[in-house]
Amino acid sequence: ASLASRDCHPAATGCDSTHHTAPIRKKSGCSSIRVHSYTTLDAAMIACLKRLRPVDVGSGGKTEEHKASPPTQPRRRRRVWVVRHGEREDEASRAAWREKLERGYTRWWDPFLTPKGQRQALAAGENLRAVLAARAESGDVGAASVDMVFSSPLHRTVKTAEQVALALGTPLSTVAGLSECAKAMRGRDLTTFEYISHAQLKEENPSVDYRDEVRVSEKFRDTLCRLARDHPGDGDLVVVTHREGIRFLAEARVRTPYCVQAEFEFDAATSSFLFVDTHQASAPKAAAKKKKAKGKSTKSSSKSMPKGAASRSRMQEATQNPSPV
């Protein structure tokens, strides 16, 4: 048998027993004493051992203060925000898209954002920031702890995610699996696609803090489950992806306009997503049209008043001074 202990020495413990049957050796540079083996334990030896600090045998000889802390348990529930990208050029104008392909653009599966789509992305970032800020003020820890934005690596989603990350003040990480839900990418080996490099993206927008992630080919749902389950911290998860991903998670055909922000609750115990609601910024163009229409209505009504007054004045004059027949 072997016994590991400390201070088991007559000089250290006051034990005056002469019945130790095993050799005793003191380790250099340490006060630890090791009793390698023994054959008998008499009363004096037992008294000596009682003076020692208790040892947890199951911890491999470590005392209570040296026990390793238990591993951090993954968060069981987490809010996940799934944002759709802005308006894409191939859907805005089919003719212009065909012309671009004819001129030699080979990334047929990766159309860019239109100028309108860029404005939508900017509005989406500001809207999500306002929603999270309002919830954080009410004590929502998750809303106050967002520390990363994840994005599909396609151009339209990355450019949308840039505006969201800048609005939230977080780094941006591209994840190949978040593009798998898109119709053009479904069922393909995502490692074979030539995505836009981070070096090029940083050159286009130096203010964004890009974080690399190892590219693997995995299903959209598996990717999102992994991120929601394993990402450290208590913050909400924000991802920018495609409309098919929102519909797939909601398990229903929900309305998914450009830059809609869909809210889900992730349950790690069942790896399920519960659809909560959708959020969207008001369209600046629509608001401007409404304001312009209101201005026109006010202007027309102000103009019609003098005309009506003039007509009534002429009718009154004609009644008082009828013209001869």
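This is a predicted model: local features need pLDDT of at least 70, side-chain atom pairs count only at pLDDT 80 or more; totals for chains, interfaces and linings use all residues.
Trainee: Hi! What does the chain average in pLDDT, and how many of the residues score at least 70?
Mentor: Hello! The chain averages a pLDDT of 77, and 63% of the residues score at least 70.

Trainee: Where is confidence lowest, and where is it highest?
Mentor: The lowest is strand β1, residues 3-4, with a mean of 42. Strand β8, residues 237-241, is the highest, at 97.

Trainee: Which residues stay under 50?
Mentor: Residues 55-59 do, and the model has 6 contacts for them beyond four places in sequence. Residues 61-67 also stay under 50, with 7 contacts of that kind.

Trainee: Is P111 buried or exposed?
Mentor: Buried: its relative accessible area is 0%, and the cut-off for buried is under 20%.

Trainee: And what does P111 touch, leaving out residues up to four places away in sequence?
Mentor: P111 touches R88, E89, D90, W97, H155 and R156. Take W97: P111 is 14 residues from W97 in sequence, and their C-alpha atoms are 8.4 Å apart.

Trainee: Nice. Let's move to V82. Which strand is V82 in?
Mentor: V82 sits in strand β4, residues 77-84. V82 counts as buried because its relative accessibility is 0%.

Trainee: What does V82 touch, again not counting residues up to four places away?
Mentor: Its contacts are L224, V239, T241, I246, L249, V260, Q261, A262 and F264. Here's another pair to look at: V82 and G245 are 163 residues apart in sequence, yet 8.2 Å apart from C-alpha to C-alpha.

Trainee: I see I246 and L249 in that list. Which residues of helix α10 are buried?
Mentor: In α10, residues 243-250, the buried ones are G245, I246, L249 and A250. They lie on the same side of the helix because they cover an arc of only 125° around the axis.

Trainee: Why do residues three or four places apart in an α-helix point the same way?
Mentor: An α-helix has 3.6 residues a turn, so residues at that spacing point the same way.

Trainee: And what covers the buried residues of α10?
Mentor: The cover includes β4, α9 (220-230), β9 (261-267) and β10 (272-279). V82's own strand, β4, is therefore part of what covers the buried residues of α10, with V82 itself buried at 0%.

Methods:
Residues are numbered from 1 along each chain as its sequence is written. Side-chain values use heavy atoms; hydrogens and water are left out. pLDDT is the predictor's confidence in each residue, from 0 to 100. Helices (H or I, at least four residues) and strands (E, at least two) are DSSP runs, numbered from the N terminus. Contact means heavy atoms within 4.5 Å. Buried means under 20% relative accessible area, exposed over 50%, partly exposed in between (1.4 Å probe, protein chains only). The arc is that of the directions from the helix axis to the C-beta atoms.
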